[in-house]
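Q: I am new to this structure and would be grateful for a close look at one part of it. Please begin with a single residue and then widen the view.

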Amino acid sequence: MKTDGKSGIVGYGCYVPMYRIKVEEIASVWGEDPERIKKGLLVEEKAVAGDDEDTATIAVEAAKNALKRACINPDDIGAIYVGSESHPYVVKPTATIVGEALGVGNSYTAADLEFACKAGTAGIQMCLGLVSSGMIDYGLAIGADTAQGAPGDALEYTAASGGAAFVIGRKNVLAKIIATASYSSDTPDFWRRPMQHYPRHAARFTGEPAYFRHIGGAVKLLLEETNLSISDFDKVVFHMPNGKFPLRMAKMLGIEKEKLADGFVVSKVGNTYSGSSLLGLCATLDKAKPKELILLASFGSGAGSDAFAIEVTDLIEEKRDLAPTFERYLNRKIYISYAKYAKMRGKLKD
Amino acid sequence: MSHRSSVPLAWRRFEARYRLVGNRCLTCGTIYFPPKAICPKCRRKGKLEKYQLKGEGKIHTYTIIHAAPSGFEKRVPYCIAIIELDEGPKVLGEVVGDLTLLDIGARVRAVFRKIYEDGEDGIIHYGLKWELV
């Protein structure tokens, strides 16, 4: 997909709730070997939203941070898209709660998006289209989730809470989006039917025909469109359903694993679904240097991947410290027991 | 059990509840939160305008709630405090975060949180809580 070559990220911000649960704590409930799980998933602990937090509150806190770095008035925003698979309402948008909480006014278009774990990057593409065509000056794209995993399911070790927000515009960009490409197909690897609390997944089918095929496909399309080679990228962020998948994807594409290090948020935060790759992008931008080229590729089950070639500008240096970094949220933590986790996430029913 | 509240009443207060918009009297300079209909000091000579508070302050006093009103039972024990905002007004709210830091005079900042839900099928009430920094 062609962009105008000027538009990009004007501000970014993340939010990670302060509660954490360790793999050992979950494994002790289900009689599993924590070392085997940690080695298998490359995840040590995950972030858990408090019982007074949900996708809307996470989205608002992340967006406030993005606005601080964007240095714009809230009413300059012309579009808000919130991507999530845990919107607080089935009918009633999260995006307008965000708009009201930020003081965006009333002159904006908004919608909630759902595409499993990639709805946030779909929001970035939508904002990019509106901004580069001149229809709006700034758009706000958010990926946030309080991810669900059924008690005892393998997902419970990774399904986490968190989010990230991006102000997309043409002026004062801290990172230009050079190009974006998407690869989509009807692949039922993971789903949640109406009225169901927890998703179901097709176990190993989530790998080869889903995650690897779609991210691989989107990255290939991106390289063809930009005439870049994979070695041109300095930093790489892939969706992180666990630690193993992105590392294997990197190996398949011939990317050194060191290039994933800055954005490898999964081992200490878990899989924040729509927030996952975008939190990784925030952590990468927190440490990025001007002129660096970042490859971002999300993945959403069902299935699709959005890939982006992002070039960091000189403005990163002055904007970085205007809001809390990912690391600051990472270090602000309180460990909880499985019982408290079950209460907080509504897993205890009357 | 949870209580049901008026949807229009909640909606009219979004600006104050979500964003801490109070008001200021142009005659005497006093800042009010929640916003007042008239300035109690200047009465008919007062002229009020909207005023955006920054959302930072310190704990003036606090208490720990163990016997909660309906709708809040599952949150006990939780901390309710009077926060003295940097601009002057005092507001009542819940303190969240690392409660080992809880103390009179401790610094807090406003964070957007879920306050309560009108049951499983009613609206969700959002607003500001105060996180220890």
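In which element of chain A is A:Ala303 found?

A: The model is a predicted one. In it, A:Ala303 is found in β13 of chain A, a strand made up of residues 302-312. Most peptide bonds are trans, and most residues other than glycine have a negative phi.

Two further places may be read against that background. In chain B, the peptide bond from B:Val76 to B:Pro77 is also cis, with omega near -10°. B:Pro77 belongs to a loop of chain B, the one between β4 (56-65) and β5 (78-85). In chain A, the feature concerns phi: A:Leu42 is not a glycine, yet its phi is positive, at about 60°. A:Leu42 is placed in the loop between α2 (34-41) and β3 (45-48) of chain A.

The view may now widen to chain B as a whole. Its secondary structure consists of 2 helices and 8 strands. Read from the N terminus, the order of the elements is α-α-β-β-β-β-β-β-β-β. Along its principal axes, the C-alpha trace of chain B spans about 45 × 35 × 20 Å.

Chain B and chain A meet at an interface. The contact draws on 22 residues of chain B and 23 residues of chain A. About 1800 Å² of area is buried between the two chains, and carbon and sulfur atoms give 47% of it. Across this interface there are 11 residue pairs in polar contact, both residues of each pair having pLDDT 80 or more. On the side of chain B that touches chain A, at least two residues each come from α2 (14-19), β7 (107-117) and β8 (124-132) of chain B. Strand β7 of chain B gives the most to that side, with 6 residues. By class, the residues of that side comprise 10 nonpolar, 2 polar and 10 charged.

Salt bridges also cross between the chains. The whole structure holds 36 salt bridges over all chains, and 8 are found across the interface of chain B and chain A. In one salt bridge, B:Glu131 is paired with A:Arg332, and their closest N and O atoms are 2.9 Å apart. In another, the side chains of B:Arg113 and A:Glu53 meet at 3.5 Å, N to O. This pair runs from strand β7 of chain B, where B:Arg113 lies, to the loop between β3 and α3 (55-70) of chain A, where A:Glu53 lies.

The lining of the second largest cavity is divided into 7 nonpolar residues and 1 polar residue, with no charged residues.

Key:
Residues are numbered from 1 along each chain as its sequence is written. Chains are lettered from A and ligands numbered from 1 in the order in which they are written. This is a predicted model: local features need pLDDT of at least 70, side-chain atom pairs count only at pLDDT 80 or more; totals for chains, interfaces and linings use all residues. Side-chain values use heavy atoms; hydrogens and water are left out. Contact means heavy atoms within 4.5 Å. Buried area is the accessible area (1.4 Å probe) that two parts lose on being put together, summed over both. A salt bridge is a side-chain nitrogen of Lys or Arg within 4 Å of a carboxyl oxygen of Asp or Glu. A polar contact is a pair of N or O atoms within 3.5 Å; within protein, one must be able to donate a hydrogen and the other to accept it, and residues adjacent in sequence count only if both atoms are side-chain atoms. Helices (H or I, at least four residues) and strands (E, at least two) are DSSP runs, numbered from the N terminus. Ala, Val, Leu, Ile, Met, Phe, Trp, Tyr, Cys and Pro count as nonpolar, Asp, Glu, Lys and Arg as charged, and the others, Gly among them, as polar.
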